[in-house]
Amino acid sequence: MEYLNIVFQEVYKIVFLLVPVLVSVAMIVWLDRRVWAFVQKRQGPNVVGPFGLLQSLADALKYIFKEIIIPSSSNKVIFILAPIVTMTLALIAWAVIPFSATQVLADINVGILYLFAVSSLGVYGIIMGGWASNSKYPFLGAIRSAAQMVSYEVSIGVIIINVLLCVGSLNLNDIVIAQQNMWFVIPLFPMFVIFFISALAETNRPPFDLPEAEAELVAGYQTEYSGMMYAMFWLGEYANILLMCAMGSILFLGGWMSPIDVYPFNLVPSAIWLILKILLLFILFALVKAIVPRYRYDQLMRLGWKVFLPLSLIWVVLTASYLFYFNLLPVN
Amino acid sequence: MFAHAIFFYTFSIIAVVSAIMVTASKNTVHSVFFLILDFISISCLFIMIGAEFLGMIMLIVYVGAVAVLFLFVVMMLNVAQQKNQWFAGQQSSKHIPVGIIISTLIFVEVIIVIGGWKYKPEIFDINNSIAQTSISNTHSLGQILYTDYIHVFQISGMILLVAMVGAIVLTFRQRSGVKRQSYIKQISRERTEGVEVLEVQSNKGVKIDD
């Protein structure tokens, strides 16, 4: 009976985390299309519901009622597993995101490593989908995406080391609390810029959306997918983007901390601050999508390996020497 | 304790079964996916015994990077056919005796280590090196790795570096006749050097490339 109680409590918590995440993923798709449209002086989706807010709901309904087509020469098990893997990985990472000092599903010691591990597993959904389709375009897209995500993970890892040097802990709440006096975006500003660009590449967003470059590869790894399976890829992708925004705001923008600790601001619940920061980063993502042309593939690789990796490594050495010289290393 | 046992046996059964399936499955890509499943369940076991840092590093390094490259190679090279021939017994493999010898050696080594651990615990200094204190797993690992074993740590890093340089040197070849793209040249092109206005006489034309 005691076990059942614990299980029930945890399920309750998980549902209350996942339902808002899924709803906000649907809303964020609408926001993305709206921002994109406004940059190009269009209206964007504005018909379904007030301001077109229910557009994603209508889309989801359409996807549910469409037929799921499984190519006869595909590897069926892996073909079906791929969108499930993408979706699951995008959702399990939210377990460690702290919405306030106490509101966190799993306050584990190695939170940032968990986030990094889950985001590095994200490549499997894409590579499985591309290979199992047994078709040229999806396979090319999958290979492109695997190489791209593995490359940019390296620089994200080194950037995380930079932040960890200043914090002295792998716990996400400790990382947020360490930014009480100054957000890490100020001393580590170049790292924030590199993190943002690497996050774009890691989530296959424009200008690095080569895995699904529609002019060359039809739709990349998603070419053979239809109906709900396509929608799951799509939801997983946007949940991953939101996750990257959350990671950026925890590492650099002070997470759930309010910007200034004075009267009207510290009354606002800390979860609201985190959501506002995630939204700010997401609008930047959407703007980049609207204003930047697509990268060439060799340039993408050059940027990752020859520019970002050396730069972030040099910055690790600089941060470590600075902290060591001024005796600021966080030792406990 | 009961729930702990359930989880332990679930993960270990998954790990053992998927390890067997790595060698038993006929499709090589399936083998790699079983290998990934094996890595994941082993990292779950690591987390269950409280070594959360090792478990996460296992996920990041092996599943996130090594297995992706594995999958890459297996998907690109068509090794499936060769493996099928072994299964069908059309072609006898010369690797099987070597494999048996190596696996017997590993088995004997594991038996020695586990037997020694069980019956002569005093030769293994494990209980003293990882002190059972309140500091976290990551901290204690760092304190040992970067103080007592710093030289071993750095030597292993050097070995990895040498392996990487060696692999690059072995496969690197200077190819002639390759058109290289210099991005500095490409972005620093001006309109004046890119476009030229020519006076074309009729019936004569102009020679454009020289």
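This is a predicted model: local features need pLDDT of at least 70, side-chain atom pairs count only at pLDDT 80 or more; totals for chains, interfaces and linings use all residues.
**Notebook: two chains, helix by helix**

I started with chain B, which has ten helices and zero strands. My rule for elements: helices (H or I, at least four residues) and strands (E, at least two) are DSSP runs, numbered from the N terminus. Read from the N terminus, chain B goes α-α-α-α-α-α-α-α-α-α.

Residues are numbered from 1 along each chain as its sequence is written, chains are lettered from A and ligands numbered from 1 in the order in which they are written, and side-chain values use heavy atoms, with hydrogens and water left out.

**Entry: burial in chain B**

I looked up how much of chain B is buried, and buried residues come to 17% of its 210 residues. The cut-offs: buried means under 20% relative accessible area, exposed over 50%, and partly exposed in between (1.4 Å probe, protein chains only). The areas come from the Shrake-Rupley method with a 1.4 Å probe, and for residues only the protein chains shown count as cover.

I picked Ser18(B), which sits in helix α1 (residues 2-24) of chain B. Ser18(B) counts as buried because its relative accessible area is 1%. What does the side chain of Ser18(B) reach? I found the backbone oxygen of Ile14(B) there, at 2.7 Å.

**Entry: a positive patch**

Next I went over the surface for charge. Lys306(A), Arg173(B), Arg175(B) and Arg180(B) gather there in a patch of positive charge. For patches, I take residues with over 30% relative accessible area and no salt bridge; like charges are joined within 9 Å, and nonpolar side chains (Val, Leu, Ile, Met, Phe, Trp, Tyr) within 5 Å. Lys and Arg count as positive and Asp and Glu as negative, while His and the chain ends are not counted. Each charge is placed at NZ of Lys, CZ of Arg, CG of Asp or CD of Glu.

I checked one member, Arg173(B), and found it in the loop between α8 (150-171) and α9 (183-187) of chain B. Is Arg173(B) buried or exposed? Arg173(B) has 59% relative accessibility, so I put it down as exposed.

**Entry: salt bridges**

I get six salt bridges over all chains. A salt bridge here is a side-chain nitrogen of Lys or Arg within 4 Å of a carboxyl oxygen of Asp or Glu.

- Glu10(A) and Lys13(A) form a salt bridge at 3.5 Å, N to O. Both are in helix α1 (residues 2-39) of chain A, three residues apart, about one turn of the helix. Glu10(A) is partly exposed at 30% relative accessibility, and Lys13(A) is partly exposed at 39%.
- Asp59(A) and Arg33(A) form a salt bridge at 3.2 Å, N to O. Asp59(A) is in helix α2 (residues 55-65) and Arg33(A) in helix α1 of chain A, so the pair ties together parts 26 residues apart in sequence. Asp59(A) is buried at 12% relative accessible area, whereas Arg33(A) is partly exposed at 31%.
- Asp298(A) pairs with Arg296(A) in a salt bridge, with the closest N and O atoms 2.8 Å apart. Asp298(A) is partly exposed at 37%, and Arg296(A) is partly exposed at 36%.
- Asp32(A), Arg205(A) and Lys289(A) are linked in a network of salt bridges.

**Entry: Gln222(A)**

I then turned to Gln222(A), in the loop between α9 (214-217) and α10 (227-251) of chain A. Gln222(A) is buried, with a relative accessible area of 5%. Which side chains does Gln222(A) make polar contacts with? I list Tyr221(A) at 3.5 Å and Glu237(A) at 3.3 Å, each through its side chain. A polar contact is a pair of N or O atoms within 3.5 Å; within protein, one must be able to donate a hydrogen and the other to accept it, and residues adjacent in sequence count only if both atoms are side-chain atoms.

**Entry: two distances in chain A**

Tyr295(A) is in the loop between α11 (270-291) and α12 (297-325) of chain A and is partly exposed at 29% relative accessibility. Its C-alpha is 6.0 Å from that of Phe208(A), and the two are 87 residues apart along the chain.

Phe196(A), in helix α8 (residues 189-202) of chain A, is buried at 13% relative accessibility. I got 15 Å in space, C-alpha to C-alpha, between Phe196(A) and Asp209(A), which are 13 residues apart in sequence.
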